[in-house]
Amino acid sequence: MAGLFLLIGYLTFDSFTSQWQGHLFDDYDMSSYQMMVGVNSFSAFLTLLSLLQTGELLSSIDFVLANPLCAQHIAGFAVCGATGSMFIFYTIKNFGPLVFTMIMVTRQLVAIILSCIFYGHHIDAGGIGGAVIVFAAIGYRIYRKESDKRKKKQEQKQNELSQITQQSELKVEKQ
């Protein structure tokens, strides 16, 4: 039961985050770099608070200083994380949170399938049904978004056509 709550929490916050970032990109014209600085500053602050609260800050620093290979691994992890963040923010800014969600769900589904193939994990009917529901919901959202775009374009063309018609009627009346 705890796993179900963790999964629901993960999906909720994951969905909220990309939607919120899309909102920030659209309304405040933020760059990917600004978003990355904001997200990483907030994460660093929360990590610092956690280390201070548990009293592990100094022991963590001592460990990294005593183990230079650990520092190299942390630096490599930071570079990979920053690169991944740039791709994430670029995708959200240029293609929207819905496309990013589709990419992430597809990545997770591929990881699950590979886990089943390579490690012999089993997916029951409920798991398969859940994956089908998620992809159907996302597919439906994409369909609705595209149909709304087409509808707006048709309305815009209709408005332009009616304006042109009105202007030509006014010109005829003046003559």
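Trainee: How many helices and how many strands does the secondary structure of the protein come to?

Mentor: The protein has six helices and zero strands, where helices (H or I, at least four residues) and strands (E, at least two) are DSSP runs numbered from the N terminus. This is a predicted model, in which local features need pLDDT of at least 70 and side-chain atom pairs count only at pLDDT 80 or more, while totals for chains, interfaces and linings use all residues. Residues are numbered from 1 along each chain as its sequence is written, and side-chain values use heavy atoms, with hydrogens and water left out.

Trainee: OK, and what about helix α4, how many residues has it?

Mentor: Helix α4 covers residues 68-95, which is 28 residues, and reaches 40 Å from its first C-alpha to its last, close to the 40 Å expected at 1.5 Å a residue; the expected span is 1.5 Å times one less than the number of residues. After α4 comes G96, with a positive phi near 95°.

Trainee: Which residues in α4 are buried?

Mentor: S85, F89, T91 and I92 are buried in α4, buried being under 20% relative accessible area, exposed over 50% and partly exposed in between (1.4 Å probe, protein chains only).

Trainee: And what do the buried residues of α4 pack against?

Mentor: They pack against α1 (2-28), α2 (32-54) and α5, judged by contact, meaning heavy atoms within 4.5 Å.

Trainee: Switching topic, where is L114, and is it buried or partly exposed?

Mentor: L114 is found in helix α5, residues 97-119, and L114 counts as partly exposed because its relative accessible area is 38%.
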